[in-house]
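Visitor: I would like to learn how to read chain contacts and helices in a model. Please show me the case first.

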Amino acid sequence: MNFLRQSWIVAAKDLRAELRTKEALNASLSFALVILLLFSFAFDPTAEQTREISGGLLWIVFAFAGALILNRSFARELVNDCLDALVASPLSGAALFFGKCLANVVLLLAIELVCLPVFGVFYNVRWTRQFWPLLLVLALGTWALTVVGTMFSALTVNLRLRELMLPTLVYPLLIPALIAAIQLTTALVGGQPLAGDLLNWLKMLIGFDIIFTALALALVDTVLVG
Amino acid sequence: MDSRNFTFLVYGLVAAWLILFAYVAAVAARERKISREIENLKQILKDQKGN
Amino acid sequence: MRQKILYGLCLAAVLLLGRNLAVMLLELPDEAAQGAIYRIIFFHVPAAWTAFVGFFAALVASVIYLAGKNLRYDALAVAVTEVGLAFATVNLVTGMIWGRIIWGIWWTWDPRLTSMLVCWLLYAGYLMLRRAVEEPTQRAKVAAVFSIFAFADVPIVWFSIKWWRTQHPQPVVWGGGSMDPAMWRMLFLNWVPLLLLFGVLAALRMRQEQAQREMDALRRQAHAL
């Protein structure tokens with residue numbers, strides 16, 4: 001079986017498992033919505049202020065809520081020694097990792113697509129003017145978040161204090177991707193087209209995705225198998 | 001030499017060297033801890049040999 | 001013998017530093033606007049260079065470890081990362097002091113300072129990660145992978161923060177391109193003793209790490225008997 005087919009199988013398994021219980025999904029979604037509302041209470045931003053902070057606000061929400069899902073990614077396999085079984089199977093470590101990334105990206109994107117309308121309503125922002133570019137940026141940024149987060153989920157799966165380690169390690173690594181995603185999102189939500197300076201940020205985000213995906217795929221076998 | 005802000009230069013240099021010395025102190029403290037552990041281990045092994 | 005080499009290097013570093021300090025304070029011309037504080041740059045910048053030498057050495061050690069699983073390289077990796085982190089701290093603190101005097105603020109999202117802060121967070125995370133894993137082989141593996149990721153991030157962080165900050169107004173940054181050649185010389189000349197110190201400290205720390213590991217193994221043996 002080739003790499004993509006293996007990844008697809010893993011992704012489908014993870015998605016099916018998650019969608020049956022919806023544990024992490026619900027927790028993550030509620031967390032995201034609560035933070036969005038809390039920020040609205042805490043800062044009560046004017047229209048002008050909201051326009052300036054929209055990217056930062058959204059990506060902080062996505063990063064925090066995403067951590068809940070990413071943390072569980074490999075951790076859920078610890079029960080009943082499922083992780084050992086998966087590693088021992090003919091599945092390559094890279095395919096296992098890639099499959100989990102695909103599942104996580106789908107879950108995270110779903111959460112983000114629910115958050116956006118809520119954001120629009122509670123902050124009085126019309127965010128749909130650059131819908132498709134915004135979706136592209138969302139996808140690229142989420143992929144960065146997912147690749148790094150899933151990788152570190154694998155890395156920290158056996159550690160105590162896993163929940164603490166993951167955010168502390170992952171967020172500093174993600175800073176370039178977050179900055180790029182935030183700049184792009186603020187501009188796109190404000191209605192600016194994807195041109196000029198913004199293209200540099202887009203290139204950086206794509207570059208980040210490529211570099212870290214390659215690194216992760218190269219190293220994940222070492223991490224899982226040793 | 002222009003002596004404006006000279007005190008601050010001194011603060012800066014002191015800060016830089018304090019940090020490095022703090023690190024050296026940490027390394028030294030670790031060294032002491034290791035020596036103590038070695039002594040402990042030697043003691044345990046001697047006791048075992050005695051038994 | 002090894003001890004003597006280390007002492008010798010230390011002495012060389014101290015002597016060179018002494019000489020540099022004398023030259024710095026007595027001979028070098030002054031910078032127009034800043035007064036004496038600018039001389040801090042002769043420690044601030046080489047400390048950053050030294051820190052990056054450390055982080056790069058950590059990358060190399062990590063890769064070699066993963067390739068051969070020789071735990072000596074793991075000891076090397078943690079040693080150079082720790083010492084590098086110490087020098088990064090020096091860079092950050094001297095930068096903040098300088099900023100306080102020149103710009104009036106303790107912190108600013110200046111590209112270089114911010115990038116160094118992110119590096120600091122990453123490598124402090126590395127040390128924290130190591131503490132969370134008890135088993136030596138697993139610890140070495142996990143730490144090595146993280147070290148590789150962290151270093152891959154360093155140039156990207158640098159570029160992204162530089163672009164980010166050029167879009168925002170900044171305090172006027174001193175000294176873009178032109179610097180008195182005597183100052184450049186001093187910058188490099190002061191880097192040498194810092195590098196020597198780095199080497200000595202890293203060697204000491206590496207030996208400690210190896211001793212610690214051997215002792216943990218011995219202790220396990222002793223308790224097993």
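Visitor: How many residues of chain C are in contact with chain B?

Guide: Two residues are in contact if their C-beta atoms, placed from the backbone, lie within 7 Å. Here, 29 residues of chain C are in contact with 27 residues of chain B. This is a predicted model: local features need pLDDT of at least 70, side-chain atom pairs count only at pLDDT 80 or more, and totals for chains, interfaces and linings use all residues. Residues are numbered from 1 along each chain as its sequence is written, with chains lettered from A and ligands numbered from 1 in the order in which they are written.

Visitor: Which element gives the largest share of the side of chain C that touches chain B?

Guide: Helices are DSSP runs (H or I, at least four residues), numbered from the N terminus. The largest share comes from α6(C), with 10 residues. By class, that side of chain C has 19 nonpolar, six polar and four charged residues. Ala, Val, Leu, Ile, Met, Phe, Trp, Tyr, Cys and Pro count as nonpolar, Asp, Glu, Lys and Arg as charged, and the others, Gly among them, as polar.

Visitor: What is the distance between the nearest C-alpha atoms of chain A and chain B?

Guide: They are 23 Å apart, and the two chains do not touch.

Visitor: Which residues of α1(B) are buried?

Guide: A residue is buried if 20 or more other C-beta atoms lie within 10 Å of its own. In α1(B), L9(B), G12(B), A16(B), I19(B), L20(B) and Y23(B) are buried. Their cover includes α2, α3 and α6 of chain C.

Methods
Helices (H or I, at least four residues) and strands (E, at least two) are DSSP runs, numbered from the N terminus. A residue is buried if 20 or more other C-beta atoms lie within 10 Å of its own, exposed if 12 or fewer, and partly exposed in between; C-beta atoms are placed from the backbone.
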